[in-house]
Amino acid sequence: MSDDDVDQGSMADEWAAAMEEQDAPEDEAETMELDEFESVSTGQGNGNPDLDVILDIPVKISMEVGRTSITIRNLLQLNQGSVIELDRLAGEPLDVLVNGTLIAHGEVVVVNEKFGIRMTDVISPSERIKKLK
């Protein structure tokens, strides 16, 4: 076993520990939605399709610190050391986007000298569907 394998194993353990720190759902409504979603994904719902066929489709996940608009003139004047003011205050949660769709808010964490994000507020599947319409 190489040092890389040991490092990967310890990194995986640290990520697992960080993920276990997540809080359980705060109310029964969130738990109910999760139960409904699980029954759909296993095909146990009333006529709902089996979602196993899509579980291996890759998606792009990104975290957004903030946004701003600037003119092309100002964009061309940017150089090393330039500072761009964003539309968020320091300490505000980041947006977590999957394929450009907001699914959660979170905070930055560092595990084993790598950045990660701890979800602080996950948008329910029903709310995400409403935003798509």
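Predicted model: local features only at pLDDT ≥ 70, side-chain atom pairs only at ≥ 80, totals over all residues.
Strands of a sheet pair through backbone hydrogen bonds, either parallel or antiparallel.

**Strand 1 against strand 2**

Now select residues 61-64, which make up strand 1; four bridges join strand 1 to strand 2, and the two run antiparallel. Pick Glu 64 and look across to strand 2, where its bridge partner is Asp 95.

Keep Glu 64 selected and show its side chain. Glu 64 forms a salt bridge with Arg 67, with the closest N and O atoms 2.9 Å apart. Which end of this pair is buried, and which is exposed? Glu 64 is buried because its relative accessible area is 18%, under the 20% limit. Arg 67, at 52%, counts as exposed, since the limit there is over 50%.

Move to Asp 95. Its side chain meets that of Arg 88 in a salt bridge of 2.4 Å, N to O. Asp 95 counts as buried, at 11% relative accessibility, whereas Arg 88 is partly exposed, with a relative accessible area of 21%.

On its other pairing, strand 2 meets strand 3 (residues 101-111) in the antiparallel sense over five bridges. One place to check this is Leu 94, whose bridge partner in strand 3 is Gly 106.

Next, go to the turn. Strands 2 and 3 form a hairpin with two residues between them, and Asn 99 in that turn has a positive phi of about 50 degrees.

**Strand 3 against strand 4**

Select strands 3 and 4. They pair in the antiparallel sense over eight bridges. His 105 has Asp 121 as its bridge partner in strand 4.

Show the side chains of Glu 107 and Arg 118: they form a salt bridge, with the closest N and O atoms 3.3 Å apart. The pair links distant parts of the chain, with Glu 107 in strand 3 and Arg 118 in strand 4, eleven residues apart. Glu 107 counts as partly exposed at 37% relative accessibility, and Arg 118 is also partly exposed, with a relative accessible area of 25%. A search of the whole structure finds three salt bridges.

Stay in strand 3 and select Val 109. What does Val 109 touch, leaving aside residues up to four places away in sequence? Its contacts are Lys 114, Phe 115, Gly 116, Ile 117 and Arg 118. Val 109 counts as buried, at 14% relative accessibility.

**A surface patch**

Finally, select Val 65, Ile 70, Leu 75, Leu 78, Ile 84 and Leu 86. These residues form a nonpolar patch on the surface, with about 490 Å² of accessible area together. Within this group, Ile 70 lies in the loop between strand 1 and helix 3 (72-76). Ile 70 is partly exposed, with a relative accessible area of 41%.

Key. Residues numbered from 1 in each chain as written. Heavy atoms only, no water. Pairing = 2+ DSSP bridges. Patch = residues over 30% accessible without salt bridge, like charges linked within 9 Å, V, L, I, M, F, W, Y side chains within 5 Å. Areas by Shrake-Rupley, 256 points an atom, 1.4 Å probe, with all protein chains shown as cover. Salt bridge = Lys/Arg side-chain N within 4 Å of Asp/Glu carboxyl O. Buried < 20%, exposed > 50% of the residue type's maximum accessible area, 1.4 Å probe, protein only. Contact = heavy atoms within 4.5 Å.
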